[in-house]
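Please look over the sequence and the model below before reading on. The paragraphs after them go through a few features in turn.

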Amino acid sequence: MPYFLKLGLSRIQYVLHLGLFSLAWSIAGAFIIACTHQISKFLSKLLDVKEIFIIHPILLIDTAHPFMLTLALDFVLLLFCLISGILLNVVFYRLGTIGGYSFIGILILIPIVIVIFEWYIPLWEVLSEASIIAILGGLLIIIALIYSVITGALRKASAIPA
């Protein structure tokens, strides 16, 4: 960010362009992944190969997966990963090395607490009974919340990282 501030870009413009880049990158990546998945399915049917099994997150939700559903799921998952990475970058930028690694430590504690208190069983039941549209919508809301946290954190950020 300091480099772009020296070039004359404001912090809000930086966050806006970062979000637009993340959207474009997620759409392109999802399209490439979905097309590769469809091409491999087509080639396996064409060559009559029955032993090809491609592991994809959509298999957790539905066994019959159309192209647009694969594209939507890949887009949302890629966007979630990119925005989460940007949040981690902002945490390291604002809080320094110790604060960033402390944040990672807190994130690592979340699955440990879920396993200790056995919250994974009700969570799996809720997610397995929910529709794909509800899951994607929930992830998009989480993405919007994380992006608003990023925008708020960088609004008053200094040009020199901590």
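Which residues form a nonpolar patch on the surface? In this predicted model, the patch consists of I39, F42, L43, L46, L47, V49, I52 and I54. Together these residues have about 750 Å² of accessible area.

One of the patch residues is L47, which sits in the loop between α2 (11-46) and α3 (67-116). Its relative accessibility is 60%, so L47 counts as exposed; the cut-off for that class is over 50%.

Next come the helices. Take α2 and α5 to begin with: their axes come within 9 Å and cross at roughly 155 degrees. That angle makes α2 roughly antiparallel to α5, because angles over 145 degrees are put in that class. The crossing of these two helices, α2 and α5, is right-handed.

Helix α5 (residues 132-155) also packs with α3. Here the axes are 9 Å apart and the angle is about 25 degrees. Since angles under 35 degrees count as roughly parallel, α3 and α5 are therefore roughly parallel to each other. The crossing in which α3 passes α5 is left-handed.

The last stop is the loop between α4 (120-129) and α5, where A130 is found. Is A130 buried, partly exposed or exposed? With 29% relative accessibility, A130 counts as partly exposed, because that class lies between under 20% for buried and over 50% for exposed.

Terms used: Residues are numbered from 1 along each chain as its sequence is written. This is a predicted model: local features need pLDDT of at least 70, side-chain atom pairs count only at pLDDT 80 or more; totals for chains, interfaces and linings use all residues. Side-chain values use heavy atoms; hydrogens and water are left out. Patches are made of residues with over 30% relative accessible area and no salt bridge: like charges are joined within 9 Å, nonpolar side chains (Val, Leu, Ile, Met, Phe, Trp, Tyr) within 5 Å. Accessible areas come from the Shrake-Rupley method with a 1.4 Å probe; for residues, only the protein chains shown count as cover. A salt bridge is a side-chain nitrogen of Lys or Arg within 4 Å of a carboxyl oxygen of Asp or Glu. Helices (H or I, at least four residues) and strands (E, at least two) are DSSP runs, numbered from the N terminus. Buried means under 20% relative accessible area, exposed over 50%, partly exposed in between (1.4 Å probe, protein chains only). Axes are lines fitted to C-alpha atoms, for helices over the stretch in contact, and angles run from 0 to 180 degrees between N-to-C directions. Angles under 35 degrees count as roughly parallel, over 145 as roughly antiparallel, 65 to 115 as roughly perpendicular and the rest as oblique. A crossing is left-handed if the near helix is turned anticlockwise from the far one by less than a right angle, and right-handed if clockwise.
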